[in-house]
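Okay, thanks for coming, everyone. Let me put today's structure up on the screen, and then I'll walk you through it.

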2 protein chains.
Amino acid sequence: MPGLYLIPTPIAEPFVLPEYLKEIRCFVVENLREARRFLKWNFKDLDIDACLFLEINKNALDINEIHVFMKNAMAQNSDVGLLSDAGVPCVADPGAVVVEKAHELGFTVHPLVGPSSLLLALMASGFNGQCFAFHGYLPIPENEQIKKIKSLEEESSKRDMSQLFIETPYRNTKILQQLLATLNPATRLCVACDLGAATQEIISKKVRDWKPEKYNFHKRPAVFLIYAR
Amino acid sequence: MPGLYLIPTPIAEPFVLPEYLKEIRCFVVENLREARRFLKWNFKDLDIDACLFLEINKNALDINEIHVFMKNAMAQNSDVGLLSDAGVPCVADPGAVVVEKAHELGFTVHPLVGPSSLLLALMASGFNGQCFAFHGYLPIPENEQIKKIKSLEEESSKRDMSQLFIETPYRNTKILQQLLATLNPATRLCVACDLGAATQEIISKKVRDWKPEKYNFHKRPAVFLIYAR
């Protein structure tokens, strides 16, 4: 059976792929330009123009297009590589529908070890890693956002659960202010910023001990975590 | 400031550590024997007997012992390495209290990229990776287990959330039967088994399409995922 290889891409440091992946000729990618560049950087002698690419970084994801692409690869017994833009595909990144289709068509699915900012943030937070949840983005309207923050805090305390979410980087300062204004002083808050980069900063402390003016997370990719005991 | 390095260990394939870690002389480890063997395998010329080790794989985790160990390392401006048994520390593995203490004492925390069976299983499931939760082990008494499975399924459907959990490997067959008997036929169930090993098997399909007699997960490490839409 052909395989679907879930291929990580770098989040900060360069990331070297295993050699056997250079045999793959069919790719589903979040961003065509980035994917080509990354593959070429890893496999200098790869004939990139002989490769087939399907881009899924579109507003309207065309399930039918994915179906046709995967079905053709299956008919030709071709392995497929799946790449998103930064980190592992399918986790806080697109790709899950491609994997779903792969299972349906009978591909063997091979997830590869690589960087995930969520996993790194959870490890580095010091919060509970035996029970945790990732919620994507919080709602933007202020009243809904406050309500969501409160409900995450309550659920964290009730279920002993670490709560992870992300924010569009230019809104980091605003959400940090909202978190500090809304959460209980004894609740723990972690911001894990620029993970894997030289500028990495991971601050994890109780809300009451945060001095937000000491930090500038503006426009820097960050993962937010809250944990209430 | 000294650093706390969160050091991954192999889950199946050998895992090579970055060279700069061989300067570390203080380690907090889940299992002394395994940790020494793994460090020695990576760094042939490491004088392992000159290293300090604190084992945290004990029934009663002594927070005070961790505090003293970390405080001494801080006083000597020594970096500390944290290793658990398989995969990244602190995620479905002990270590979070060490990281919490490190933040408290002013260590810089450095999470390293490495294998996590949870992350690999989520990627490979084809389920929602924009919203997910990990719940550790389900309760063992049958009625409580059934109740928990049903509540996870309901929550999955309501919040569009992938639900991850694990089981003691010798109970895999039993929990699979319970899941198939309890879940809705249209709910998706994934079992990701022996991740990273040559025997890796990842089955992801609707409950109604499972033929449990085709699979034998007995005593093999596995991650279970459910996803109801």
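So, the centres of domain 1 and domain 2 of chain A, taken over C-alpha atoms, are 31 Å apart. Domain 1 of chain A covers 3–111 and domain 2 covers 117–227; those bounds come from an automatic or database domain assignment. Quick note on the ground rules: this is a predicted model, where local features need pLDDT of at least 70, side-chain atom pairs count only at pLDDT 80 or more, and totals for chains, interfaces and linings use all residues. Residues are numbered from 1 along each chain as its sequence is written, chains are lettered from A and ligands numbered from 1 in the order in which they are written, and side-chain values use heavy atoms, with hydrogens and water left out.

Back to the two domains. How many residues of domain 1 of chain A are in contact with domain 2 of chain A? There are 5, and they meet 7 residues of domain 2, with contact meaning heavy atoms within 4.5 Å. About 380 Å² is buried between these domains of chain A, and carbon and sulfur atoms give 76% of that. Buried area here is the accessible area (1.4 Å probe) that two parts lose on being put together, summed over both. On the domain 1 side, Ile11(A), Ala12(A) and Ala92(A) supply 79% of the area buried against domain 2 of chain A, more than any other three residues.

Now over to chain B, which has an open sheet of 5 strands, ordered β3-β2-β4-β1-β5, with parallel pairing. Strands are DSSP runs (E, at least two residues), helices likewise (H or I, at least four), numbered from the N terminus, and two strands pair if DSSP finds at least two bridges between them. In chain B, β3 (52–55) and β5 (108–111) each have a single partner strand, so one side of each has no neighbour in the sheet. Further in, β1 (residues 3–7) and β4 (residues 80–83) of chain B run parallel, joined by 4 bridges. Ile7(B) sits opposite Leu83(B) in β4(B). And a helix from the other chain joins in: α4 (residues 117–125) of chain A packs on this sheet, touching β1 and β5 of chain B.

Last bit: how do the chains relate? A rotation of 180° with 0.0 Å of shift along its axis superposes chain A on chain B, RMSD 0.0 Å, by least squares on the C-alpha atoms of residues with pLDDT of at least 70 in both. That's the relation of a two-fold axis.

Note on methods: Axes fitted to C-alpha atoms, helices over the stretch in contact; angles between N-to-C directions.
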